[in-house]
Amino acid sequence: MAFILSFLGKGGTGRTTVALAAARSMAHQGKRVLLASQDLGLALRSQLGLEAMGMDPQPIEPHLDGVQLQAASLLSQSWEEAKALEAQYLRTPFLTSVFGQELGILPGMGDALILYWLKNMDASDRYDAIVFDGSDSQATLRMFGIPEVGGWYARRFKKVFDESDFARTVMPLLQPIAATVLSSADLFGNNFSQPMNQVDGILEQGQRAIADPTRVSAYLVTTADPVAQQTAQWLWGGAQQVNLTVGGVILMPSREDHALGSGFSPLPIHPMPQIQAANDAALVAALPHFAEEVKAAPRPLIIDEVQRQVKAFLPGFTKAQVKLTQYGPELTIEAGDQRRNIDLPPTLRGKRVKGAKFQDSYLIISL
């Protein structure tokens, strides 16, 4: 398993530069590192002596490889896997005449494809660390939120369907039809549930990995510019909503004569020196030991079954920007443009909210 690290911040603050420096820093420690970038700029490629980067990892320097992720190529690869699954479960596959090279990228599809690629690359055990350089921080958060959101849709709508009169009436009638279409499929047995269980398993693995800061974490990149700071703080709060731990702040040099506010407490702040190039040795040396430092970072969610409390860390938001609701068996927290549904453990499931308060950037919910 690899340590996956990403960087969040306003465009133009130097996220890609920091991502490359972080990859080089870990490579200098002897780790096998992959820099996975959606858009490694022309200037950076020129400084690295690379004419281009493709979908196959290529060496940048000792212990460090690079790859430029392209959604269209990832879609072609994933489509072939989908066709193989179809052939496994259907008697007469109908996707054989559709080719991945024909498909266009729908909004949001690229995020899911990249996350699936990261999962497979992590499982390959080729690298000790993967530095992901996304083209947009909001898209990066949406990508890391897919297991959490997808898992909620799967369990919630499955429950709604199973308890509906439609399911109880129609499912027995579908068994004869399924037997003629599916290969040895039993709607009420393990054969039919196997592909769904595979999907559920992937989502659960993703949730556990993203919730574990030793597996997946992020750092904020900002300058002293007030807008850059506010953007970083907003992204910090958004990261908590997808259960992504943020380990610290990388403060890049700038011409603005502004002080860094106190809105990043308790995160450690690492000022960077003036740099001349992306591979500047001074920048690499100034970076923290990411995998160790992130262990001390505040966790996005703490569930205390003994005290019957749920503590959600929501920095960057005010009390007025946070909304708590409980429509069903789960808690829903809305902050910014993120909505999170918290699946409570069995001992707290179904308990009604007795009270909630916003204190020191934590939403503390009593059940």
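These legends describe close-up views of a predicted model.

**View 1. The largest cavity is lined by nine named residues from several parts of the chain, among them Trp234 and Phe317.** Its volume is about 40 Å³. The lining of this cavity includes Gln138 and Leu141. Trp234, Leu235 and Gly238 also belong to the lining, as do Phe317, Ala335, Asp337 and Gln338. Helix H5 (137–144) and helix H9 (226–241) each supply at least two of the lining residues. H9 gives the largest share, three residues. By class, the lining has five nonpolar, three polar and one charged residues.

**View 2. The second largest cavity has a volume of about 30 Å³.** Met26, Gln29 and Lys31 are part of its lining. Pro288, His289, Phe290 and Ala291 also line this cavity. The lining divides by class into four nonpolar, two polar and one charged residues. With a cut-off of 30 Å³ or more, the model has two cavities.

**View 3. Strands E11, E12 and E13 form an open antiparallel sheet.** The strand order is E11-E12-E13. Strand E11 (322–325) and strand E13 (338–342) stand at the edges. Each of these two has a single partner strand, so one side of each is left without a neighbour in the sheet. From one strand to the next, the twist averages 15°.

**View 4. E11 and E12 form a hairpin.** Five residues lie between the two strands. Four bridges join E11 to E12, and the strands run antiparallel. Which residue of E12 is the bridge partner of Val322? The partner is Ala335. Ala335 is also one of the residues that line the largest cavity.

**View 5. Strand E12 (residues 331–335) pairs with E13, and H9 packs on the sheet.** Five bridges join E12 to E13, with the two strands antiparallel. H9 touches E12 and E13. The direction of H9 makes about 30° with that of E13. H9 also contributes three residues to the lining of the largest cavity.

**View 6. Helix H4 (residues 109–123) crosses H5 at roughly 60°.** Two packed helices are described by the angle between their axes and the distance between the axes. Here the axes of H4 and H5 come within 9 Å. The crossing is right-handed. On H4, the contact is made by Asp111, Ile114, Leu115 and Leu118. On H5, Ala139, Arg142, Met143 and Phe144 take part. By class, the contact residues are six nonpolar, no polar and two charged. H5 also supplies at least two residues of the lining of the largest cavity.

**View 7. Asp125 has a positive phi.** The value is near 65°, in a residue other than glycine. Where does Asp125 lie? Asp125 is in the loop between H4 and strand E5 (129–133).

**View 8. The peptide bond from Ser265 to Pro266 is cis.** Omega is near 10°. Pro266 is found in a loop.

How values were computed: Residues are numbered from 1 along each chain as its sequence is written. This is a predicted model: local features need pLDDT of at least 70, side-chain atom pairs count only at pLDDT 80 or more; totals for chains, interfaces and linings use all residues. Side-chain values use heavy atoms; hydrogens and water are left out. On a 1 Å grid over the protein atoms alone, a cavity is a set of points where a 1.4 Å probe fits but cannot get out, and a pocket is an open set with protein on both sides within 12 Å along at least five of seven lines; lining residues have an atom within 4 Å of a point. Grid points are joined across faces, edges and corners, and a volume is the space filled by probe spheres set on the points. Ala, Val, Leu, Ile, Met, Phe, Trp, Tyr, Cys and Pro count as nonpolar, Asp, Glu, Lys and Arg as charged, and the others, Gly among them, as polar. Two strands pair if DSSP finds at least two bridges between them. Axes are lines fitted to C-alpha atoms, for helices over the stretch in contact, and angles run from 0 to 180 degrees between N-to-C directions. Contact means heavy atoms within 4.5 Å. A crossing is left-handed if the near helix is turned anticlockwise from the far one by less than a right angle, and right-handed if clockwise.
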